[in-house]
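Dear colleague,

I am handing over the structure below, and my notes on what was found in it follow. Please read them with the model open beside you.

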Amino acid sequence: MAGPMISSTANGPVFEAKTTFYVIVCGLLAATGGVTAMDDFLEKFFPAVYVRKHHVKENNYCKYNDKGLQLFTSSLYLAAIVASFFASKCCTKFGRRPTMGVASMFFLAGVVFNAAAQNLAMLIIGRLLLGLGVGFANQTVPLFLSEIAPPQIRGMLNILFQLMITIGILLAQILNYFMSSHHPWGWRLSLGGAGVPALILCFGSLLIPETPTSLIERGHLDQGKLVLQKIRGTDAVEAELGELVAASEAAKEMESPFKGLKRRESFPPLVVTVLIQVFQQFGGMNAIMFYAPVLFQTMGFKSDASLLSNLITGSVNCVATFVSSVLVDRAGRRALLLQASAQMFLCQVIMGSIMAVHLKDNNTLPEGMAMGVVVLICAFVAGFAWSWGPMGWLIPSEIFPIQTRNAGYFFGVSTNMICTFIIAQTYLSMLCSMRAGVFFFFASWIAVMGLFVAFLLPETKGVPIEEVKERVWKKHWFWKRYMTQDDEHPDKEVQL
């Protein structure tokens, strides 16, 4: 157990808290929340793609352009959009912990359908069930982590969520690599492997406590106080408890959390949340991670070699996310995002230039060039993994007051799922039609992302969640205008 940590500030209340082993375990348990290059998988479900893949004269950029293959990848996110709405309601009415349990049930059901799939319909149903799990987990887990964490380590603890996702991706890539040589059922084990983290999340949701915020919000004041004392490692929680109670009472006076988002004071966090999710997806990371084996094969790598290259990027993703967890509460959110935006922009531009000059429709990249692109992809993945990846979930979970937190975070999750669906459903078609231009498309978005951070994203490092309005929004050069006017007219709605 670590020593006591004090929120040192001259502008807000000081809460005593310890980084307890209990908090770390809760975070780890909560945070637990590419077979498309395998020939057996393609031959069974996407025979047209399989034929094109092995046709030596097939266009490099178009051999994987198949609507069914894209639907297999993107269908998960359609279900997640719907699920996130019901998850926000479930969070408010029943609490964070049972909502995570529901997520694990959907995950397990989806794994069974995918691993046992006999046709494309079963495969899509499995993906839809997994999507329901993603919607519930993404809506709940970051909120849970932000609500139990002391302000000093809130960033680190929340990034455990993203770290566990990257570890899951890495384990899936390892499994894909070794299962690709087991014919014809290797892909079933790859898809079935997702059941392991689902089981961990299922049992973990039975062991962790409900958050004090959720307990107080639902009228369990004494239980909320006990849990707060336990996760803070001290009995001196009256100041923080008082703020939680006051915020909860204010939330009860609001007719609807979703209606509350129409108030002027809700406009800045809502806009920032939505834009962060759009930028996170349109920076190009998921396009690379979804189809990395496909992209590597486009450059001339063999099937096993492309999976191995994908394994390398997965390792980089995992290590860089860990780096983010170490730096986020020291360097701050903005510094990591600004640095990574520059790094990602350069990587996309250089990759696009190499592909445009050296990769034509029917050739392969020279070995040195291909390895250079792999290095650039790794650098791009690293930049994303210590910035936009984890910050996309951390920042929205810490900038809303309790009155609108679930509703506001729902808009973040649903925006993320919509944008992820768009990228997953269109990337292979974009690669076919735009060729190397797709890299410049993503680079232009990254340039806008950097400008957004520089001018419109405030810093939230070390600020208690319930103090964000006073200490962050009211002091920002642009967003403060919505806060001062809202204090004068608290019920005034935003006019766009």
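N416 sits in helix 21, which spans residues 405–434 (helices are DSSP runs of H or I with at least four residues, strands are runs of E with at least two, and both are numbered from the N terminus). Please keep in mind that this is a predicted model, in which local features need pLDDT of at least 70 and side-chain atom pairs count only at pLDDT 80 or more, while totals for chains, interfaces and linings use all residues. Residues are numbered from 1 along each chain as its sequence is written, and side-chain values use heavy atoms, with hydrogens and water left out.

With a relative accessible area of 3%, N416 is buried, a word that here means under 20% relative accessible area, with a 1.4 Å probe and protein chains only. Its side chain is joined to that of Q280 by a polar contact of 2.5 Å (a pair of N or O atoms within 3.5 Å, of which, within protein, one must be able to donate a hydrogen and the other to accept it; residues adjacent in sequence count only if both atoms are side-chain atoms). If residues up to four places away in sequence are not counted, N416 touches Q277, Q280, Q281 and W393, where contact means heavy atoms within 4.5 Å.

G135, which belongs to helix 6, is likewise buried, at 0% relative accessibility. Leaving aside neighbours within four places in sequence, G135 is in contact with A80, A83, S84, A87 and V413. The C-alpha atom of G135 is separated by 9.4 Å from that of L78, although these two residues are 57 apart along the chain.

Helix 6 also has a part in the largest cavity: together with helix 10 (212–217) and helix 12 (238–253), helix 6 (120–148) gives two or more residues to the lining. On a 1 Å grid over the protein atoms alone, a cavity is a set of points where a 1.4 Å probe fits but cannot get out, and lining residues have an atom within 4 Å of a point. The lining comprises 16 residues, of which R232, E240, L244, I465 and E466 lie nearest the centre of the cavity. Helix 12 gives the most to this lining, with 3 residues.

For the chain as a whole, there are 24 helices and 2 strands, and buried residues make up 58% of the 496 residues.

With best regards

Note on methods. On a 1 Å grid over the protein atoms alone, a cavity is a set of points where a 1.4 Å probe fits but cannot get out, and a pocket is an open set with protein on both sides within 12 Å along at least five of seven lines; lining residues have an atom within 4 Å of a point. Buried means under 20% relative accessible area, exposed over 50%, partly exposed in between (1.4 Å probe, protein chains only).
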